[in-house]
Amino acid sequence: MSSTTPYLPLGQFIRPIDERNRDGLVTNLLGVSVNKCFIPSVANTIGTDMSKYKVVRKGQFACSLMQVGRDKLLPVALYERDDEALLSSAYVVFDINDTNKLHPEYLRLCVVRKEFDRQATFLSGHGVRANLPWEDFCSITIPVPPITEQTRIVSQFATLEKRISLCKARISLLERTASALYRKTFVDSIDRNNLPAGWRMGTLGEVAEFCYGKIPKVTEQGDVPIFSGYGIVGQTDLPIFREQHIVVIARGDSGSGKVVLSPHCFFLTNLSIAILLGRNSDMKLYLYHHLQELDTASLRSGSAQAQVTIDSLSKFDIVIPPYHLCKGYEEQVQKIYSLKDNIERQLSCLERTKELLLTLIK
């Protein structure tokens, strides 16, 4: 993009839309997430007059201008489905008044940039409730190159996002395949109340040891991912573990009790507990899928904040099949997970490339 690309106020290109669901024909109620996409609404609409809700159509945008300063971002998304949807009247719906001057998909890319949220946060700062007035929203500036350049940028991102979507679909397929093999081997035709010969009930502590994570030292030069259980939250230069483990999130109301797989070399934070299998390492993928189907959320304790302890994990009841079945499953599924790891590395690379390209829109 040329260094002389003008930055122009958004208000030059958009106009508000206020179409109501007066005939009541539209019923699909949505909201806009902090990730800047449309999501199903969780609002209870029983007995609600839906004729007062706003209608959003393909090619239109919706945004929430409330509490922008508090949240440090502006939820805004482009609606791309053919069928109409409903939004709460708290949302603002708008469209582009001349698509020969501003490409809707190009604007979608502009609004997901950090610079857009930075401007929105700054402009909302003078309000008591940190809301962003429509007039101030319209004053946010965006780079506006010629429409041919916008179209070229949109095409580049469309190719990149298609590859990202394909990677996610392949990862999902591999996960479903591993789960199907688990069910075929350990669930289908197995009566948990009358286990076959060689199978038994036991506790997780019989086959595993446990280790709490630690408070990490974040470093800019480190290349070891800091893993919280919720995701990668930074980098450090010293791993705690040099192989993949099952991890149970130990703290946090939104996730405690959830079972996940760690990266292959990582530092574990004090939000989670690692399950160490030692000589029973060939049971890892069996236990991962087995624990996912059990009610691990029942391990939560504590009144101030939900948490899971090593003591509760150790006493947790599990089914222990014959070791040779676990080992055979591990050998089969390890090939699937190796392929999944490769695709996840591709996905990470593509997403970093997307973030980099977004910073170059200026």
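In which loop does Ser-189 lie? Ser-189 is found in the loop between helix 5 and strand 11 (200-203). The model is predicted, so local features require pLDDT of at least 70 and side-chain atom pairs count only at pLDDT 80 or more, while totals for chains, interfaces and linings use all residues. Residues are numbered from 1 along each chain as its sequence is written, and side-chain values use heavy atoms, with hydrogens and water left out.

**Overall architecture**

- The protein comprises eight helices and 19 strands; these are DSSP runs numbered from the N terminus, with helices being H or I of at least four residues and strands E of at least two.
- The C-alpha trace spans about 75 × 55 × 40 Å along its principal axes.
- Of the 362 residues, 46% are buried; buried means under 20% relative accessible area, exposed over 50%, and partly exposed in between (1.4 Å probe, protein chains only).
- Among contacts with a separation of 6 or more, 76% are between residues 24 or more positions apart, where contact means heavy atoms within 4.5 Å.

**Packing of helix 5**

- The axes of helix 5 (residues 147-186) and helix 6 (residues 284-293) come within 10 Å and cross at roughly 85°; axes are lines fitted to C-alpha atoms, for helices over the stretch in contact, and angles run from 0 to 180 degrees between N-to-C directions.
- Helix 5 and helix 6 are therefore roughly perpendicular to each other; angles under 35 degrees count as roughly parallel, over 145 as roughly antiparallel, 65 to 115 as roughly perpendicular and the rest as oblique.
- Helix 5 contributes Ala-178, Ser-179, Tyr-182, Arg-183 and Phe-186 to this contact, and helix 6 contributes Tyr-286, His-289, His-290 and Glu-293.
- By class, the contact of helix 5 with helix 6 has four nonpolar, three polar and two charged residues; Ala, Val, Leu, Ile, Met, Phe, Trp, Tyr, Cys and Pro count as nonpolar, Asp, Glu, Lys and Arg as charged, and the others, Gly among them, as polar.
- With helix 8 (residues 323-359), the axis of helix 5 comes within 9 Å and crosses at roughly 165°, and the two helices are therefore roughly antiparallel.
- The contact of helix 5 with helix 8 contains 22 nonpolar, five polar and nine charged residues.

- Strand 13 pairs with strand 14 (residues 232-236) in the antiparallel sense over four bridges; two strands pair if DSSP finds at least two bridges between them.
- Pro-225 has Gln-235 of strand 14 as its bridge partner.
- These two strands form a hairpin with four residues between them, and Gly-229 in the turn has a positive phi of about 100°.
- Strand 13 is also joined by two bridges to strand 17 (residues 267-268), running parallel, where Phe-267 is the bridge partner of Ile-226.

**Individual loop residues**

- His-245, in the loop between strand 14 and strand 15 (246-249), counts as buried at 11% relative accessibility.
- Beyond neighbours within four places in sequence, His-245 is in contact with Val-260, Leu-261, Ser-262, Phe-266, Ile-275 and Leu-276.
- Most residues other than glycine have a negative phi.
- Gln-67, in the loop between strand 6 (61-63) and helix 1 (68-71), has a positive phi near 55° and is partly exposed, with a relative accessible area of 34%.
- Ser-189 has a positive phi of about 65° and counts as exposed at 80% relative accessibility.
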